[in-house]
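Dear colleague,

Please find below the structure that I am handing over to you. My notes on it follow directly after.

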Amino acid sequence: MDPLSEISEELANIDGQISDILRALSNGFQKLEKIKDSNRQSRQLEELTGKMRECKRLIKEFDREVKEEESRNTPDTNKMLNEKKQSMIKELNSYVALKKQYASSLDNKRVDLFDGLDGGGGFVEDNVLQASSMNNQQLIDSGNRMMDETDQTIERSKKVVHETINVGADTTAALKAQTEQMSRIVNELDSIHFSIKKASQLVKEIGRQVATDRCIMALLFLIVLGVVAIMIVKIVKPNNKDIRNIPGFAPPALNRKLLWDLN
């Protein structure tokens with residue numbers, strides 16, 4: 001049974017993941033030696049860099065778990081755990097050095113996982129070369145410092161990404177607001193166009209009604225004028241046979257004359 005399982009299942013699980021990654025790194029660098037194409041070598045180095053980044057994260061998690069269990073473990077157990085962590089850091093640093101050697105041979109200028117930690121890029125190589133001369137605590141402190149500085153670089157990158165996402169979200173919101181405003185303007189223009197169309201139809205209907213009313217009034221006026229003209233002519237020339245008598249407007253003198261003749 002794994003001794004770490006007796007101490008903590010979490011520690012045993014993290015140790016298993018780290019061991020798998022370190023094994024994959026070993027196989028990956030062996031495969032890298034057989035690759036001749038520079039582009040394929042670059043892609044392989046990028047893949048290995050990702051594995052080293054994950055391994056670094058797990059080592060920090062392992063160290064955190066060790067510190068949490070330190071008060072409950074015996075001194076011998078704590079010593080064993082620290083030695084195991086030191087071995088992990090040393091092996092990871094050796095792979096980091098290998099990666100930098102391959103990257104240098106390819107004239108690869110990309111920033112890798114542990115670049116820029118001392119401003120000159122030589123800290124990791126020096127640390128690997130001097131690892132054998134360091135005591136346990138110095139090696140642990142050196143590895144922790146490297147991981148902390150790398151975490152700060154990653155956090156700065158995350159901050160830039162978040163700021164970019166926020167700017168994109170603000171731009172999207174502004175575009176959405178402008179689109180909604182344009183939609184409202186288009187709707188208002190449609191309403192205005194519809195109102196103008198209805199008003200034009202109403203004006204045309206009113207014009208037709210006014211024209212009809214004028215025609216009727218003109219016709220009535222002509223009728224009244226004709227009746228008045230007939231009445232005037234009948235009064236002036238009562239004996240005109242060409243004009244028919246209008247009921248109620250026969251000359252009274254004629255009636256009296258007829259009665260006189262009868263007598």
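This is a predicted model: local features need pLDDT of at least 70, side-chain atom pairs count only at pLDDT 80 or more; totals for chains, interfaces and linings use all residues.

Residues are numbered from 1 along each chain as its sequence is written, and side-chain values use heavy atoms, with hydrogens and water left out.

The protein chain has seven helices and zero strands; helices (H or I, at least four residues) and strands (E, at least two) are DSSP runs, numbered from the N terminus. Of its 263 residues, 25% count as buried, that is, under 20% relative accessible area with a 1.4 Å probe, protein chains only. Among contacts (heavy atoms within 4.5 Å) with a separation of 6 or more, 68% come from residues 24 or more positions apart.

Helix α2 (residues 9-34) packs with helix α4 (residues 75-105) at an angle of about 25°, the axes being 11 Å apart; axes are lines fitted to C-alpha atoms over the stretch in contact, and angles run from 0 to 180 degrees between N-to-C directions. The two helices, α2 and α4, are therefore roughly parallel (angles under 35 degrees). Residues that meet include L11, I18 and F29 in α2 and L81, M88 and Y102 in α4.

With kind regards

Note on methods: Buried means under 20% relative accessible area, exposed over 50%, partly exposed in between (1.4 Å probe, protein chains only). Angles under 35 degrees count as roughly parallel, over 145 as roughly antiparallel, 65 to 115 as roughly perpendicular and the rest as oblique.
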